[in-house]
Amino acid sequence: MLYHYTDFIALDGIIRCAELRLNNILNMNDAAEMRLFINGICRAVTEKLAKDGEAEKIRLTEDFFQKEMAKEFQYSAYAACFSKYRDDAAQWERYGHSGKGVCIAMHADMIQQMTGGAVTLQEVYYQNDMHDHHLVDEFYHAIKETASFPDDLAKLQSLMNDAWIQSAAFKHPSFASEKESRLMVSPFILNELAIGPRYHVAAGRIKKYYPLDLNRMCDKLNLHLSDLIGEIIIGPMSSQSVPILQDYLVDHGLGVIKDKISLSECPLRKPTS
């Protein structure tokens, strides 16, 4: 199972609308990690070039990466986040509406079968040092073979697309306890993207997201939405009634999973004043 910690509004979107929202990673609490990844790749590549005495190519490489970093929003991925941990205190507090929300368990193998094209399921990796990352060698060799900056950058641009995609599944080691996987869409791969963006308008701002049609994705696998969902766990700080949630599932055609509801056993407590 993969566990998606969220609030009851998002649960309603998944159950009633059969829609899973992929939100911009730059709006998440670890947005800086994408920049850390790209900067780490750049630093490791220039260090390899320095050993060759390639001062001019170092300057051009740093300029190329700097210009690409300025396009960060253009390259930003959109994701729904999952953990391998069931009923986990840190997940409840960070992502489960401070424990007042809900955790939706989904079958990982079914999610994997739903991916393709610009939609991927990636296990997050946690790393500080980029020197051993395969993209370092690929960038290094491409730059060594590049005859002219900025006229001959097709290979570098392709590698940069890969780097931005992989940066969305990178986090600092201090987050390693989350054991996270991300269902992601990379909208800058335009020729492979079959879904368009939508916008959520709130009182304070407008947010852009990409909706995944779970019914359509399940239909392709000859499955029902209820086959995807393995369990629903009510948060440890939630006042949600189990019978009402069961009625809600029945009335929205998912009565088959009404007996898969459980209450969190996580011993979170309200802070004392």
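Guide: A residue counts as buried under 20% relative accessible area, as exposed over 50%, and as partly exposed in between. The model here is predicted.

Visitor: Is S98 buried, exposed or partly exposed?
Guide: S98 sits in the loop between helix 5 and strand 4 (102-106). Its relative accessibility is 44%. That value falls between the cut-offs of 20% and 50%, so S98 counts as partly exposed.

Visitor: Does D87 count as buried or exposed?
Guide: The relative accessibility of D87 is 14%. Buried means under 20%. D87 therefore counts as buried.

Visitor: What share of the residues of the chain count as buried?
Guide: The chain comes to eleven helices and twelve strands. Its C-alpha atoms fill a box of roughly 70 × 45 × 35 Å along the principal axes. Of its 273 residues, the share that counts as buried is 48%.

Visitor: How do helix 1 and helix 11 lie to each other, roughly parallel or oblique?
Guide: Two packed helices are described by the angle and the distance between their axes. Helix 1 and helix 11 (residues 242-251) pack at about 25 degrees, with axes 11 Å apart. Angles under 35 degrees count as roughly parallel. Helix 1 and helix 11 are therefore roughly parallel.

Visitor: Which hand does the crossing of helix 1 and helix 11 have, left or right?
Guide: The angle of this pair is about 25 degrees. As helix 1 passes helix 11, the crossing is right-handed.

Visitor: Are helix 3 and helix 8 roughly parallel or oblique to each other?
Guide: Helix 3 (residues 55-69) packs on helix 8 (residues 154-167) with axes 12 Å apart and an angle of about 50 degrees. The crossing is right-handed. Under 35 degrees is roughly parallel, and roughly perpendicular starts at 65. The angle falls between these ranges, so helix 3 and helix 8 are oblique.

Visitor: How close do the axes of helix 2 and helix 7 come?
Guide: Helix 2 passes helix 7 (residues 134-145) in a right-handed crossing. The two helices are oblique to each other. Their axes cross at roughly 55 degrees and come within 9 Å.

Visitor: How far apart in space are E54 and K144?
Guide: E54 lies in the loop between helix 2 (32-51) and helix 3. With a relative accessible area of 23%, E54 is partly exposed. E54 and K144 are 90 residues apart in sequence, and their C-alpha to C-alpha distance is 9.0 Å.

Visitor: What distance separates the C-alpha atoms of V256 and Q113?
Guide: V256 lies in the loop between helix 11 and strand 12 (261-263). At 59% relative accessibility, V256 counts as exposed. V256 and Q113 are 143 residues apart along the chain, and their C-alpha atoms are separated by 22 Å.

Visitor: Which residue classes make up the lining of the largest cavity?
Guide: There are two cavities of 30 Å³ or more. The largest holds about 40 Å³ of space. Its lining includes L20, F82, M106 and L228. By class, the lining has no polar and no charged residues, but ten nonpolar.

Visitor: Which residues lie nearest the centre of the largest pocket?
Guide: The largest pocket holds about 1,100 Å³ of space. Its lining numbers 35 residues, and those nearest its centre are T6, D7, A10, N23 and K207.

Visitor: Which elements give two or more residues to that lining?
Guide: By class, the lining of the largest pocket has 14 nonpolar, eleven polar and ten charged residues. The elements that give two or more residues to it are strand 1 (2-6), helix 1 (8-15), strand 2 (19-24), strand 3, helix 5 and strand 10 (206-213).

Conventions. Residues are numbered from 1 along each chain as its sequence is written. This is a predicted model: local features need pLDDT of at least 70, side-chain atom pairs count only at pLDDT 80 or more; totals for chains, interfaces and linings use all residues. Side-chain values use heavy atoms; hydrogens and water are left out. Buried means under 20% relative accessible area, exposed over 50%, partly exposed in between (1.4 Å probe, protein chains only). Helices (H or I, at least four residues) and strands (E, at least two) are DSSP runs, numbered from the N terminus. On a 1 Å grid over the protein atoms alone, a cavity is a set of points where a 1.4 Å probe fits but cannot get out, and a pocket is an open set with protein on both sides within 12 Å along at least five of seven lines; lining residues have an atom within 4 Å of a point. Grid points are joined across faces, edges and corners, and a volume is the space filled by probe spheres set on the points. Ala, Val, Leu, Ile, Met, Phe, Trp, Tyr, Cys and Pro count as nonpolar, Asp, Glu, Lys and Arg as charged, and the others, Gly among them, as polar. Axes are lines fitted to C-alpha atoms, for helices over the stretch in contact, and angles run from 0 to 180 degrees between N-to-C directions. Angles under 35 degrees count as roughly parallel, over 145 as roughly antiparallel, 65 to 115 as roughly perpendicular and the rest as oblique. A crossing is left-handed if the near helix is turned anticlockwise from the far one by less than a right angle, and right-handed if clockwise.
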